[in-house]
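Please look over the sequence and the model, then read the points below.

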Amino acid sequence: MANLLVVLPIATLVLALVTISVSCSLALGLRHVPTMPQISMCGMYPPEKYVFTLGMTGVAFLLASLLLVNHTRTELLLVKTGSQPLSVVYSGAQLGVGLSAALSLALMATVPVIENQFVHVLFAIAFFGLLIIFQLLNVSTRLRSSCFSPSAASRQGVSRAWTSSAKEAWMVVWMVATAAGFVLWQSTGSAVPQYVAVASAMLHFFPYIFELSDSTLRVDVRVTQEEDEEARCLRDGERVPDRHLRVRGLPVVVAAVVVAVICLGLAYTVSRLPGPKKA
């Protein structure tokens, strides 16, 4: 059985790359922008602005879904390995910051820079700022996970421990590159640091392609009688910490709000598309 979760990081990266490439190519081909435009400039005029708005809204939706999967996966991993669970505040803040970044991206895409520059730039800054904060919280959570503790390293073997360390180093490097590109973009106004920040943010999530693909081996298994009894205990809340029971509905509520706002933005964008011309 193929693991459909691996589609999330791949689809997010591919859709972001295709959206930026197609919208900027159209803008350059029609001479709507200078030779080295900022990304937002590629969504000012039709037809490229429709590609930019719809594509970036789709990226925001996929990113929010990826962050929810990552959050749930991390929580289950901590419980499964017997590690110290995240606090309610820390866990909620990490998920809330990530989903807020996705929401800011959707709102930025909905409002073209030529229609309201202040609002567009405000949400662009909010997206990058919140995304960098999420990257920091996410990396710190992964580093304190039992998967990277000495006892876990001995269980999973030296080879897998080195692979895990390489993933964390990769995410740290591109987190720093995202922050550096964002700061240089804001301080110089140049388009090059903006492209660097966007590319670095995309590369930061690259390890999830391998992790979610590998998760299939742990999910698609036959359940023994002992595992079935353990699952019943988990469902009944007998082995789940009280903290997890209290916040179990939090991701659902936050996700519902974010998805609803993104869908409203998408519907608003579609309603602004030009209709068929009357003869």
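Which residues lie nearest the centre of the largest cavity? Of the 24 residues that line the largest cavity, Val59, Leu105, Phe127, Val198 and Met202 lie nearest its centre. The model is predicted: local features need pLDDT of at least 70, side-chain atom pairs count only at pLDDT 80 or more, and totals for chains, interfaces and linings use all residues. Residues are numbered from 1 along each chain as its sequence is written, and side-chain values use heavy atoms, with hydrogens and water left out.

**The chain as a whole**

- The secondary structure comprises 12 helices and 0 strands, where helices (H or I, at least four residues) and strands (E, at least two) are DSSP runs numbered from the N terminus.
- Of the 279 residues in the chain, 41% are buried; buried means under 20% relative accessible area, exposed over 50%, and partly exposed in between, with a 1.4 Å probe and protein chains only.
- Contact means heavy atoms within 4.5 Å. Among contacts between residues at least 6 apart in sequence, 76% join residues at least 24 apart.

**The largest cavity**

- The whole structure holds 2 cavities of 30 Å³ or more, and the largest cavity has about 340 Å³ of space.
- A cavity is a set of points, on a 1 Å grid over the protein atoms alone, where a 1.4 Å probe fits but cannot get out; lining residues have an atom within 4 Å of a point. Grid points are joined across faces, edges and corners, and a volume is the space filled by probe spheres set on the points.
- Helices α1 (7–29), α2, α3 (88–110), α4 (117–143) and α7 each supply at least two residues of the lining of the largest cavity.
- The lining of the largest cavity divides into 21 nonpolar residues, 3 polar and no charged. Ala, Val, Leu, Ile, Met, Phe, Trp, Tyr, Cys and Pro count as nonpolar, Asp, Glu, Lys and Arg as charged, and the others, Gly among them, as polar.

**Helix α1**

- The 23 residues of α1 should span 33 Å at 1.5 Å a residue, and its end C-alpha atoms are 32 Å apart, which agrees. The expected span is 1.5 Å times one less than the number of residues.
- Buried residues of α1 include Leu8, Pro9, Thr12 and Leu13.
- Just after α1, Arg31 takes a positive phi of about 60°.

**Helix α2**

- Asn70 is placed in helix α2 (residues 48–80) and is buried, with a relative accessible area of 4%.
- The side chains of Asn70 and Asn138 are joined by a polar contact of 3.4 Å. A polar contact is a pair of N or O atoms within 3.5 Å; within protein, one must be able to donate a hydrogen and the other to accept it, and residues adjacent in sequence count only if both atoms are side-chain atoms.
- Ala60 also lies in helix α2, and its relative accessible area is 0%. The C-alpha atoms of Ala60 and Leu103 are separated by 6.7 Å, although the two are 43 residues apart along the chain.

**Helix α7**

- At the start of α7, a side-chain oxygen of Ser190 reaches to within 3.4 Å of the backbone nitrogen of Val192.
- His204 is found in α7 and is buried, with a relative accessible area of 0%.
- Not counting residues up to four places away in sequence, His204 touches Gln135, Asn138, Val139, Trp170, Met171, Trp174 and Met175.

Technical notes
1 Å grid on protein atoms, 1.4 Å probe; cavity = no way out; pocket = protein on both sides within 12 Å on 5 of 7 lines; lining within 4 Å.
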